[in-house]
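Let us walk through this protein step by step. Keep the sequence and the 3D view side by side as you read.

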Amino acid sequence: MQPIEDYPCVSVGRKGFRISLGKFFIISVLLCGLSNLVVLELYFSKTREPKSFATPTSREQKNSHHPKKLATKYLSSCRKRESSRPWANSSNLPNYIVEYLDWHVETMCLLDHFRQLKQETMDVKYFVVQCLPGYGPCGGLADRLAPLPYYILYAYKMKRILLIHWTIPFPLQEFLMPTPFGINWTVPDWLMPSMSTQNPAGPLKTFIQLTSSQTSNITFLRVKLQAPVDFLVTRYNEEIKNDFNDTLYTFKKIYHDLFHSIFTLVPPIQSLVLSQLNQLNLTPGNFTSVHVRARHPVSMVYNVSLRTKTFDKSGTGSAPLTQSSKLKMVNIIKSAMSCAALLDSGSTIFFSSDSHHAMNYTLHEYNATVTLSNSYTRIVGRDEQLEPLHFDEPEYMNRKPSDFYPVFVDLWLLSMSKCTVYGVGGYGRLSSILSYNSSCYISYYKNKLCASGETELPQVTGRNITQ
């Protein structure tokens with residue numbers, strides 16, 4: 001595949017960018033229930049495309065307002081802060097990713113200049129990640145953010161500007177914002193009328209195999225990808241090996257730097273994270289994190305009759321924690337803590353869960369009885385009485401953005417650890433690949449060494465314990 005060579009606004013007298021999408025296919029997988037269902041939905045906008053530049057005449061060449069000259073003039077100004085871009089000094093991103101991010105920044109910058117001059121001559125196509133009413137379920141936060149390398153890869157392949165447009169539960173920029181001097185993935189006001197909540201192509205379609213003839217003349221390619229993290233990792237690594245002969249810059253190697261090159265927390269959430277670090281006396285990169293997804297149906301902690309999707313997403317509320325339910329929960333927590341001891345003996349533990357019952361037990365009962373000197377120095381967590389929400393909370397219409405802040409606070413704190421313990425669901429996995437060291441992790445759900453729930457285990461300073 002040829003690299004991105006030309007910006008759309010400076011391609012004079014060319015036929016435009018073409019790329020074969022023969023390899024762009026999606027394999028639907030249903031290995032173990034809905035959690036392993038791979039979904040790709042694409043929505044096509046038939047918006048009329050702007051005209052490309054024509055080769056300038058001699059008269060136009062003398063005109064300082066001709067698009068070609070304007071592009072040359074403003075491109076240099078768009079590159080003034082090139083060294084300040086968040087990915088500029090990263091050693092964990094390949095050239096083709098850096099090339100795309102630079103192209104995105106400079107193309108959007110040129111678009112702004114041309115629109116200010118009312119020059120509508122830029123031929124730009126967009127790759128829009130959407131979550132809107134009527135588009136079907138979008139999944140939780142991990143389902144939406146984990147595919148980030150995929151979004152960048154395909155936007156690069158198709159030479160399209162990546163934009164993110166969510167309205168469920170709220171726009172992403174209520175929680176995350178573009179990094180300074182990074183790519184602006186928000187939808188500009190002047191493009192918003194094109195972001196219709198109605199699908200212009202008719203009924204929603206799933207598992208569509210694309211060809212270049214289907215996509216080459218579409219201005220807005222609307223995408224929604226949902227897949228298990230493990231599948232994304234494997235598939236991404238296969239694609240970059242086939243397309244670029246790249247086996248070095250794997251999904252997990254690039255994720256941390258790529259994510260932080262594109263997203264940063266909005267100030268209110270950033271303040272909450274800093275406050276928690278100070279309150280819990282945590283130093284980034286110097287503790288182990290444990291996430292227990294107690295409300296997931298697979299965990300089977302709560303009464304079987306309550307294990308519905310609505311119950312899982314909306315919270316336990318006043319649901320009783322029976323003796324048998326508590327026993328299941330306690331065994332899961334003990335297994336997770338045993339895994340933490342295997343990964344990093346003597347480390348401070350930051351504990352997080354989607355159940356306030358699990359939080360209360362761990363911070364107040366388990367913390368008081370465990371022999372800390374044999375495993376970890378202390379266990380800390382956000383001691384909140386309110387049940388944390390899921391990002392795909394079904395009753396989001398009755399919420400406000402700040403109600404979902406804890407979702408991001410916990411994710412950031414979990415990702416600041418040096419090692420990660422997680423179980424079922426994608427949230428814990430997301431925190432692991434986002435962490436300081438994505439190679440130091442363990443699943444208490446899969447690992448037989450700590451699945452028994454015993455607290456006394458041989459003290460092992462382990463890494464890469466994955467099964």
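Helices here are DSSP runs of at least four residues, numbered from the N terminus. With that in hand, find Glu 106: this residue sits in helix H3. Bear in mind that the model is predicted.

Is Glu 106 buried or exposed? The cut-off for buried is under 20% relative accessible area. Glu 106 has a relative accessible area of 1%, so this residue is buried.

The structure holds three disulfides. One of them joins Cys 78 to Cys 109, with 2.0 Å from S to S. This pair links distant parts of the chain. Cys 78 belongs to helix H2, residues 67–78, and Cys 109 to helix H3. The two cysteines are 31 residues apart. Which hand does this disulfide have? The torsion about the S-S bond is about -80°, so the disulfide is left-handed. Its two ends can be checked for burial as well. Cys 78 has 8% relative accessibility and therefore counts as buried. Cys 109 has a relative accessible area of 22%, so this cysteine is partly exposed.

Now turn to another disulfide. Cys 131 is joined to Cys 138, and the S to S distance is 2.1 Å. The angle about this S-S bond is 105°, and the link is right-handed. Cys 131 counts as buried because its relative accessibility is 2%. Cys 138 counts as buried too, at 9% relative accessibility.

Cys 419 and Cys 440 form a disulfide, with their sulfur atoms 2.0 Å apart. Here again the pair links distant parts of the chain. Cys 419 lies in strand E10, residues 419–422. Cys 440 lies in the loop between H14 and strand E11, and the two are 21 residues apart. With 90° about the S-S bond, this link is right-handed. Cys 419 and Cys 440 are both buried.

Next, look at helix H7, residues 229–244. How far apart should its ends be? At 1.5 Å a residue, its 16 residues should span 22 Å. The end C-alpha atoms are 22 Å apart, which agrees. Several residues of H7 are buried, among them Val 229, Leu 232, Val 233, Tyr 236 and Ile 240. What covers the buried residues of H7? The cover includes helix H3, helix H5, strand E5, helix H8 and helix H14. Just after H7, Asn 245 takes a positive phi of about 55°.

Charged side chains come next. The structure holds twelve salt bridges. Arg 235 and Glu 239 are four residues apart in helix H7, so about one helical turn separates them. Arg 235 is buried, with a relative accessible area of 8%. Glu 239 counts as buried at 6% relative accessibility.

Asp 230 pairs with Arg 429, and the closest N and O atoms are 3.7 Å apart. Asp 230 is in helix H7 and Arg 429 in helix H14, 199 residues apart, so the pair links distant parts of the chain. Asp 230 is partly exposed, with a relative accessible area of 40%. Arg 429 counts as buried, at 16% relative accessibility.

A further salt bridge joins Arg 382 and Asp 410, their closest N and O atoms being 2.6 Å apart. Arg 382 lies in the loop between strand E9 and helix H13, and Asp 410 lies in helix H13, so the pair ties together parts that are 28 residues apart in sequence. Arg 382 is buried, with a relative accessible area of 12%. Asp 410 counts as buried at 8% relative accessibility.

Finally, return to Glu 106. Salt bridges that share partners join Arg 79, Arg 85, Asp 102 and Glu 106 into one network.

Conventions. Residues are numbered from 1 along each chain as its sequence is written. This is a predicted model: local features need pLDDT of at least 70, side-chain atom pairs count only at pLDDT 80 or more; totals for chains, interfaces and linings use all residues. Side-chain values use heavy atoms; hydrogens and water are left out. The expected span of a helix is 1.5 Å times one less than its number of residues. Buried means under 20% relative accessible area, exposed over 50%, partly exposed in between (1.4 Å probe, protein chains only). Contact means heavy atoms within 4.5 Å. A disulfide is a pair of cysteine sulfur atoms within 2.5 Å. A salt bridge is a side-chain nitrogen of Lys or Arg within 4 Å of a carboxyl oxygen of Asp or Glu.
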